[in-house]
Amino acid sequence: MLRKLLDGILGFIFPDRCAGCGRIGTLFCADCCSALRVYPGQIRRFPATLDAVRVGFVFSGPLRGAVHRLKYGHMPRIARPLGQLLATQLGQADFTADAIVPIPLHHDRLRERGYNQAEELARALSDAWHLPMITTNIARERTTSQQAALKKAAERAANVHGAFRWVGTGPAPKRILLIDDVLTTGATMGACAEALRSAGSEWVCGIALARSRPDLDGANVSNK
């Protein structure tokens with residue numbers, strides 16, 4: 001309730017601009033929504049610590065700009081409409097889970113950014129799917145290089161290996177939806193899933209808002 005009130009006050013003082021095109025009036029306008037490209041097909045390759053991976057949209061067009069603003073432009077509020085679009089696109093029919101877990105940021109990066117973009121997305125999914133969100137029981141224990149700067153899958157996997165740890169007093173939930181903004185090789189999700197499995201999770205499904213290379217999964221993608 002307080003969060004919605006604060007969003008309303010900020011929206012009144014600073015009129016919303018679309019994070020995709022800059023148009024005044026909404027955080028993600030109807031034209032940018034219509035330009036979203038649903039991610040085609042299924043993810044074929046992902047770490048063995050994940051039981052499944054689902055992606056909502058192709059990381060291109062206005063969505064690319066919106067995610068950039070979410071992560072680096074101090075616009076956490078854009079996560080709500082993006083998370084709602086993701087929840088609608090994926091539905092909940094395929095998911096029977098006990099909790100939603102956003103990929104955690106290291107405390108240094110969290111302090112620098114002021115918020116965790118994956119947590120902001122996860123909150124929207126938690127509300128839409130009526131599932132509890134866990135944020136304090138899983139930690140990123142060490143800083144890592146930016147995954148986007150690493151081109152090879154092996155480099156990405158080594159970068160995040162052992163970076164996460166379950167810090168809860170009890171075991172991790174049995175079935176978890178693990179949330180992140182953009183999926184590339186899945187190395188980060190895989191490393192986090194490994195920590196959750198070590199703490200007792202039996203099924204972990206990775207969910208990402210977007211991915212940039214559907215051709216890697218054998219999908220026939222048009223340029224529309």
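## Reading helices, burial and confidence

Helix 4 (residues 79-90) has twelve residues, and from first C-alpha to last it reaches 16 Å, close to the 16 Å expected at 1.5 Å a residue.

User: Before going further, how much confidence does the model carry?

Analyst: This is a predicted model. Mean pLDDT for the protein is 86, and 80% of its residues reach 70 or more. Confidence is lowest in helix 1 (residues 2-13), with a mean of 59. It is highest in strand 2 (residues 99-102), at 97. Treat residues 220-224 separately: pLDDT stays under 50 there, and the model has five contacts for them beyond four places in sequence.

User: What is the overall layout?

Analyst: Eight helices and six strands. From the N terminus, the order is α-α-β-α-α-β-α-α-β-α-β-β-α-β. Of the contacts between residues at least 6 apart in sequence, 73% join residues at least 24 apart. Buried residues account for 47% of the 224 residues.

User: Back to helix 4. Which of its residues are buried, and how do I read the pattern?

Analyst: Start with the general idea. An α-helix has 3.6 residues a turn, so residues three or four places apart point the same way. Now the case here: Ala79, Pro81, Leu82, Gly83, Leu86, Ala87 and Leu90 are buried.

User: Is helix 8 largely enclosed or open?

Analyst: Count buried residues. Nine of the twelve in helix 8 are buried, so the helix is largely enclosed by the rest of the structure. They are Ala187, Thr188, Met189, Gly190, Ala191, Cys192, Ala193, Ala195 and Leu196. Just after helix 8, Gly200 has a positive phi of about 125 degrees.

User: How should I read a buried charge, such as Asp180?

Analyst: Look for a partner within 4 Å, the salt-bridge cut-off. Asp180 sits in strand 5 (residues 175-183). It is buried yet has no salt bridge. The nearest side chain of opposite charge, Lys71, is 6.4 Å away.

User: Which residues does Asp180 touch?

Analyst: Leaving out residues up to four places away in sequence, Asp180 touches Ile103, Ala118, Leu121, Thr188, Met189, Ile207, Ala208 and Leu209. Thr188 and Met189 are also among the buried residues of helix 8.

Terms used:
Residues are numbered from 1 along each chain as its sequence is written. Side-chain values use heavy atoms; hydrogens and water are left out. Buried means under 20% relative accessible area, exposed over 50%, partly exposed in between (1.4 Å probe, protein chains only). Helices (H or I, at least four residues) and strands (E, at least two) are DSSP runs, numbered from the N terminus. pLDDT is the predictor's confidence in each residue, from 0 to 100. Contact means heavy atoms within 4.5 Å. Lys and Arg count as positive and Asp and Glu as negative; His and the chain ends are not counted. The expected span of a helix is 1.5 Å times one less than its number of residues.
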